[in-house]
Structure formats: C-alpha cells, structure tokens
Amino acid sequence: RQIWAIFIVVVVIGAVLSIPLLFEETLVAGIVIYLFAVIPLFILGFSIPVFAWWATSSKWLGLPTRRRDAEAWLIAGMASALPALIINTWIFPALLPSFLSESAQMFLLLTVSAPVGEEFFKMLAVCLFLPNIRNARQGFQIGFTVGLGFALIENIYYILSSGIFGGALSLTLTALTRAFGAILGHGLWTG
C-alpha cells in the first residue's frame, strides 16, 4: 500500500504542476516548475508502478522471495527488452516491402512484430529460470516479474517521450495509464 500511495502522490503532484501550463498568465512559471520537476517525476513515474505491482503480486501469491532472486528476474526482463526494441525499431521495418503505406507498416509493426518479438524474448528470459520453478505459483511469480522488468525498460521510452514532446500533463497521464495498463499487462502475459 505504501508504494501505491507514493505513486498516487507522484501522479497528483504531476497533475498539480501541470495546471500552470494550462493558462497563458502562468505559462512561464509553469515551464520553470516543469523543468525542475520533470526528472524526479520521470524517474518515479516509470519505476514506482513496477515495484508496486511486484509487491502486490508477491503478497497475493504468498511466496516469500529473496531479494537477489527478484532482482535477477527483473534484470532478465529488462535485458529481454533490448532485442525486442532492436527488432521493432530496425529489423522488422527493414524487412517490410516499400510499397506498403505508412499506416499498413505501423499496423504490421503493432500486430505482428511487437507482440511476437516481445513475448518471444520475455519467454527466453523466463526459460533462464526453468530449473528454479517448482510449481505453477512460483512459475507465475517468475514470469510476472520478468514481464515487469520488460515493462520498466519500455516505460522509460514512453514516459520520456511524453515528457519531452507533451509536457508535464502528458508525462503524468502516460505514467498513470502505463501503470495500470502496460505494466500489469506485461506482467500478466509473461506470467
């Protein structure tokens, strides 16, 4: 609960700091405030929900877990994000025929490359821990944690992009929606 409370406080602070950006009279002050707050909001926004979901899943599963094991699972998930990123960013787009429209290429990227590549590399990360899986609950916990590690790296991209290109309100809304959508989804799908 404490981790979720911290995340809620971060989201509320981000929303409050966005208010001056909405009005012309306070725009300059809002930009100055945003420049000082963006790095802490970015770091907290992409990382806290991952740890909150991990704590929640561990409590629900009732499995005591050594910190070293949890860190290894998270790191494996984080490492699985790199090859998926390379495939989605460079390899798959290079393989697509040039006569396809940009929207058709994006559709194929989102429906073929991203899900297949991401799930494949997360599966490989989980396979590293197959000797340690003794039952379904433990297997779910390892998979869930690997998925959270993947989401942690993916969130860096999305939240950073929204903070740079969309400002404080976009950063806050992206952190909020990713916390309850993508992070949980990556954990559940991999679990």
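Predicted model: local features only at pLDDT ≥ 70, side-chain atom pairs only at ≥ 80, totals over all residues.
Let me begin with a pair of charged residues: the side chains of glutamate 71 and arginine 67 come together in a salt bridge, at 2.8 Å from N to O. In general, an α-helix has 3.6 residues a turn, so residues three or four places apart point the same way. As for accessibility, arginine 67 is exposed, with a relative accessible area of 67%, whereas glutamate 71 is partly exposed, at 36%.

The structure holds three salt bridges, and I will take the other two in turn. Glutamate 119 pairs with lysine 122, with the closest N and O atoms 3.0 Å apart, and these residues both lie in helix H4, residues 102-127, three residues apart, again about one turn. Is lysine 122 buried or exposed? Lysine 122 counts as buried, because its relative accessibility is 0% and the cut-off for buried is under 20%, while glutamate 119 is partly exposed, with a relative accessible area of 27%. The remaining bridge joins arginine 66 to aspartate 69, where the closest N and O atoms are 3.1 Å apart, and aspartate 69 is partly exposed, at 23% relative accessibility.

Let me turn now to helix H1. H1 has 17 residues and spans 24 Å from its first C-alpha to its last, close to the 24 Å expected at 1.5 Å a residue. Its buried residues are Trp4, Phe7, Val10, Val11, Gly14 and Ser18. Seen down the axis of H1, these buried residues fall within an arc of 120°, so they line one face of the helix. On the other side of H1, Gln2 and Ile8 are exposed.

Ile8 brings me to the last topic, a nonpolar patch on the surface, whose members include Ile8, Val12, Val16, Ile19, Leu169 and Phe180, and which has about 900 Å² of accessible area when its residues are taken together. Which helices each supply at least two residues of the patch? They are H1, residues 2-18, and H5, residues 136-180, with H5 giving the largest share, four residues. Isoleucine 19, for its part, lies in the loop between H1 and helix H2, residues 27-61, and is partly exposed, with a relative accessible area of 44%.

Key:
Residues numbered from 1 in each chain as written. Heavy atoms only, no water. Patch = residues over 30% accessible without salt bridge, like charges linked within 9 Å, V, L, I, M, F, W, Y side chains within 5 Å. Areas by Shrake-Rupley, 256 points an atom, 1.4 Å probe, with all protein chains shown as cover. Salt bridge = Lys/Arg side-chain N within 4 Å of Asp/Glu carboxyl O. Buried < 20%, exposed > 50% of the residue type's maximum accessible area, 1.4 Å probe, protein only. Expected span 1.5 Å × (residues − 1). Arc of directions from axis to C-beta.
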